[in-house]
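Here are my notes on the model you sent. Please read them with the structure open.

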Amino acid sequence: MDITVDPKLTSFIEVDAQSHFPIQNLPYGVFKPESSAPARVGVAIGDYVLDLSVLAQQGLLKCKHADAKQIFAAPHLNDFMALGQPAWRAVRGTLSDLLQTDNPTLRDNTQLRAQALILQNDVQMQLPVTIGDYTDFYSSKEHASNVGLMFRGQENPLLPNWTHMPVAYHGRASSVVVSGTNFLHPHGQVLPPDTEQPVYAPSQGMDFELEMGFLLGAGNQAGEPIPVDQAEQHIFGMVLVNDWSARDIQRWEYVPLGPFLSKSFCTTISPWVVSLDALAPFKVDAVAQDPQPLAYLQEKKRQTYDINLEVALRSPHMHSGEVICRSNFRYLYWTVAQQLAHHTVAGCNTNVGDLMASGTISGKEKHERGCLLELTWGGKEVVHLSNGEERRFLLDGDEIIMMGWCQAEGYRVGFGDAHGTMLAHSA
Ligand code: MN
């Protein structure tokens, strides 16, 4: 077994059983210790961020063939990601070792601890990666079927191509933001019900989409597709994704080329990037596929990850969020490996820092539907909140909080949260 995920490992940093950040996780992020300080790379451990730029400065963290001091003082993870999987594993091994209960190097160095360990509550998390391209897949059969039923009717809820390929569209990287960034209620072109003339108006169909995404640590050259069984070696890690959507704008604009403005005003990701090595103990078989896909999408071992997902809504009248959806990453029909293999099969090149999101992750049960469009069946039903409020779609001031974690015996390996609030335009 990979020593860094050994369930028996403990750190001298106290980690609560409910914490998402035990020593088995060690997710990467970018943070500023205070607003005027330069951003640098850190790792989450318990309630703390471990400042990797300080460790590199002290010579405790090295990268083969690269200057660790520069790499971990950068305001993004891209330089580290570009070093490739052997370097990610070496650094992860060093960090795991440094944080272990019986290692005195950092534990007993009071001065270094004060410099390198900062409470997460006291830092400002930044967008962890400079994202070049953002692609959004559509990989949940339950979600695609539900949306198809609502948008196209009983006859063809799933289009004929859906079971043969991981369908996707190209999103906007420019509007991907880190958790905690708010956005203005989008206005756009919509076709009011039972009319033939579109109007320009605030969206009346504001929604979230519960998704996860992976970030590429190694791309491919144009014309050199990534084979499905090698795809995971290209993936640096995963994040939570809220692909905010304006359903009325989407409904009017999406034929024939797919979503455009309805999904490009804001996409929220969690600040911590969890490596596939940390997720490895939570691998499970992926759902069986019927029909069998074409050869380039067939995996020798078809696996995915057991990641619990939750969505909470907090209205301006509530102190904390209330859970309105519980789902799981393992429900997806298409795996990350199939998504990446398909993305590159016609010759598309990809780059370090590209973000590829899963599409809304819905399950079979009603409470597992990963967006309001499904939860309220297109606004026909309401979501009841315990304070008496109701929602068909989001209202100004609503905050959506997404959480994701893998449950182990006595500890969790998690993503923290991805939250954001939709703000009213000031008059
Ligand atoms: Mn989406």
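Is His317 buried or exposed? His317 is exposed, at a relative accessible area of 64%. Buried means under 20% relative accessible area, exposed over 50%, and partly exposed in between (1.4 Å probe, protein chains only).

1. Ground rules. This is a predicted model: local features need pLDDT of at least 70, side-chain atom pairs count only at pLDDT 80 or more, and totals for chains, interfaces and linings use all residues. Residues are numbered from 1 along each chain as its sequence is written, and side-chain values use heavy atoms, with hydrogens and water left out.

2. His317. This residue sits in the loop between β20 (308–314) and β21 (322–328). Helices (H or I, at least four residues) and strands (E, at least two) are DSSP runs, numbered from the N terminus. Leaving aside neighbours within four places in sequence, His317 is in contact with Asn387 and Glu389. Contact means heavy atoms within 4.5 Å. Asp122 is 195 residues from His317 along the chain, and their C-alpha atoms are separated by 26 Å.

3. The manganese site. Four residues coordinate the manganese ion: Asp136 (OD), Glu209 (OE), Glu211 (OE) and Asp243 (OD), at 2.1 to 2.2 Å. Donors are N, O and S atoms within 2.8 Å of the metal (3.2 Å for Na, K and Ca); water is not among the atoms, so sites may look incomplete. Along the chain the donors follow the spacing D-x72-E-x1-E-x31-D. Glu209 lies in the loop between β12 (206–207) and β13, and Asp243 in the loop between β14 and β15 (245–246), so this pair ties together parts 34 residues apart in sequence. Glu209 is buried at 3% relative accessibility. Asp243 is buried too, at 0%.

4. Helix α10. Residues 336–344 form this helix, and nine of its nine residues are buried. Among them are Val336, Leu340, His342 and His343. Their cover includes β6 (134–137), β7 (168–170), β13 (210–216), β14 (235–242) and β22 (355–357).

5. Nonpolar cores. A nonpolar core is a set of buried Ala, Val, Leu, Ile, Met, Phe, Trp, Tyr and Cys residues joined through side-chain atoms within 4.5 Å. The largest has 61 residues; Phe208, Met212, Leu279, Ile307, Ile324 and Phe329 touch the most other members. A second, separate core of 46 residues includes Val30, Ile71, Leu99 and Ala116. In soluble globular proteins, nonpolar side chains tend to be buried together.

6. Asn78. What is the relative accessibility of Asn78? At 11%, Asn78 counts as buried. Asn78 lies in helix α3 (residues 78–81). Beyond its neighbours within four places in sequence, Asn78 is in contact with Val129, Thr130, Val352 and Gly353.

7. Pro27. This proline is in the segment before β1 (28–32). Pro27 counts as buried, at 0% relative accessibility. Leaving aside neighbours within four places in sequence, its contacts include Phe21, Val43, Trp272 and Val274. Pro27 and Leu375 are 348 residues apart in sequence and 31 Å apart in space, C-alpha to C-alpha.
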